[in-house]
Amino acid sequence: METLITYYTQVLCITFIVVNHLFELYLYRRQLTTLHEHRSEVPSEFHNFLTLADHQKAISYATAKLGLGQFKLVWNAILLFYWFPFRGAEKLYLALPGTGTHREVFFLVAFMLIQGLLNLPWSIYSTFVMEQRFGFNRSTPKLFIIDRLKGLLLGLLLGVPLLYGILLIYQGLGKWWWFVSFLFVTAFQFALVWLYPTVIAPLFNKFKPLEGEELKSGIENLVTNAGFNAKEVFVMDASKRSSHGNAYFTGFGKNKRVVFFDTLLNGLKTPEILAILAHELGHMKLKHIPKSLITSLILSFLGFGLMGVLASTNWFYSGHFIRVISPGVLFLLFTQAVPIYTFWFEPIGTWISRKREFEADAYAAGETKAEDLISGLLKLYKENASPVVTDKIYSGFYHSHPPALERIKRLESLK
Ligand SMILES: [Zn+2]
């Protein structure tokens, strides 16, 4: 019986790896076709905002990125095949020295380091070849190396104590380990979201208050209405790495912030900046961060519950080609193998995220003018060379923001 379940799980695992990646390649093809079909003409809705040259640059850039993305997908499938069906993960576990908790932590850290190294060429290529070619890269090899080292150090400093914590709970608490681990990880996650704006983000960038005489009075109004403080609106020196522009909101409680990339501010007029600020404040006012924390809380509860159930079943391990029952292997399976099954739920996440984007847009349209947000957004599309056309299914899997046309139409109706 046990061997039969193992066998079926193995078949399922291989099937999912193959089908997922073929499906993703199919989505990439669909997107490429859509881009190609719209290449010769700017869609009529965007005639006033985009020149044909801007539009074609965006299409060329997106096409190049998708081309690279296809290679990355194949590479990712090869790695998954290596780790699981070809038993790379099992070999790694058995090759490591030591015993007990140290060995489990060592295994997970070793896996992450190897995986990180195997994916490093892609990010080097993407930064210094792809982004460079389209004029977006501002990073230098020195900054790139420093960034990686900082990221690695930070990952180890946060990740190793976290792993030790979970593993000690696993060993010490018997059958309720999963629930206590869930509480522990949740507390850790809240602390991270809390500390991110003031402790972690400043390790990589400099932040200063958003200023300017003309902006000042407009900001005061908007932030007061949103229950914010003008001191919580920042500009970040994103231009040291890339010329892509963006804005985001982060943190909660006293540690909340709206952050503008300095690269975003250059091309925008004051009313457009204010409209984008209103959009970000809308996310805050509508409690989108606490809401997504609750969603991830529920998902992590289910995940840990499932881990509790599967922890001591033989078939779950051998079904994923690892003939070792250990907590380190269990975490590896949950972080690396289980996502191949949950991939198909991705559109639900995208759908929720888009709903929130529409809500923040509606908020901004109430606080400022819808037409300022439209022109601000379209300048962002133009500056970032993001195409305004997209395939619906592709975008349903990969885009957390609504397609340009849907978003603009919705804003037009709010004028
Ligand atoms: Zn948004």
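In this predicted model, helix α9 passes helix α14 in a right-handed crossing. Helix α9 covers residues 270-285 and helix α14 covers residues 346-367. The two pack at an angle of about 125 degrees, and their axes lie 7 Å apart.

On the α9 side, the contact is made by A275, A278, H279, G282, H283 and K285. On the α14 side, the partners are R356, E359, A360, D361, Y363, A364 and E367. By class, this contact of α9 with α14 has five nonpolar, three polar and five charged residues.

**The nonpolar cores**

Nonpolar side chains tend to be buried together in soluble globular proteins. Here the largest nonpolar core has 48 residues. L222, F260, L277, A278, L281 and L373 have the most contacts inside this core. Helix α9 gives the largest share of the core, eight residues.

What does L373 touch, leaving aside its neighbours within four places in sequence? L373 is in contact with A275, I276, H279, D361, A364, A365, T368 and L411. Of these, A275 and H279 also take part in the α9 side of the contact with α14, and D361 and A364 in the α14 side.

**Three helix pairs**

Two packed helices are described by the angle between their axes and the distance between the axes. The pairs are set out here on those terms.

| Helix pair | Angle | Axis distance |
|---|---|---|
| α9 and α14 | about 125 degrees | 7 Å |
| α4 and α12 | roughly 30 degrees | within 8 Å |
| α15 and α17 | roughly 165 degrees | within 9 Å |

Helix α4 runs over residues 100-133, and helix α12 over residues 327-337. Their angle is under 35 degrees, and α4 and α12 are therefore roughly parallel to each other. The crossing of α4 past α12 is right-handed. E104, F107, L108 and F111 in α4 meet P327, G328, F331 and L332 in α12. The residues of this contact divide into six nonpolar, one polar and one charged.

Helix α12 is mostly covered. Eight of its eleven residues are buried. They are P327, G328, V329, L330, F331, L332, L333 and A337.

Helix α15 packs against helix α17, residues 404-413. The angle between them is over 145 degrees, which makes α15 roughly antiparallel to α17. This crossing is left-handed. A370, L373, I374, L377 and Y381 in α15 meet A404, R407, I408 and L411 in α17. The contact has eight nonpolar residues, no polar ones and one charged residue.

L380 is found in helix α15. Is L380 buried or exposed? L380 has 20 other C-beta atoms within 10 Å, and 20 or more is the cut-off for buried, so L380 is buried. L380 and S217 are 163 residues apart in sequence. Their C-alpha atoms are 24 Å apart in space.

V388 is placed in the loop between α15 and α16. V388 counts as buried, with 23 C-beta neighbours inside 10 Å. V388 and P43 stand 345 residues apart in sequence, yet 8.2 Å apart in space, C-alpha to C-alpha. Leaving aside neighbours within four places in sequence, V388 is in contact with P43, F46, L50, Y381, A404 and L405. Y381 and A404 also take part in the contact of α15 with α17.

Most residues other than glycine have a negative phi. Which values do F321 and A385 have? F321 has a phi near 65 degrees, a positive value. A385 has a positive phi of about 50 degrees and is not a glycine.

F321 lies in the loop between α11 (314-318) and α12. F321 is buried, with 21 other C-beta atoms within 10 Å. A385 lies in the loop between α15 (370-383) and α16 (392-398). A385 counts as buried, with 20 C-beta neighbours inside 10 Å.

Methods:
Residues numbered from 1 in each chain as written. Predicted model: local features only at pLDDT ≥ 70, side-chain atom pairs only at ≥ 80, totals over all residues. Axes fitted to C-alpha atoms, helices over the stretch in contact; angles between N-to-C directions. Helix = DSSP H or I, 4+ residues; strand = E, 2+ residues; numbered from the N terminus. Left-handed = near helix turned anticlockwise from the far one by under 90°. Contact = placed C-beta atoms within 7 Å. Nonpolar A, V, L, I, M, F, W, Y, C, P; charged D, E, K, R; others polar. Core = buried A, V, L, I, M, F, W, Y, C linked by C-beta atoms within 7 Å. Buried ≥ 20, exposed ≤ 12 C-beta atoms within 10 Å, placed from the backbone. Parallel < 35°, antiparallel > 145°, perpendicular 65-115°, else oblique.
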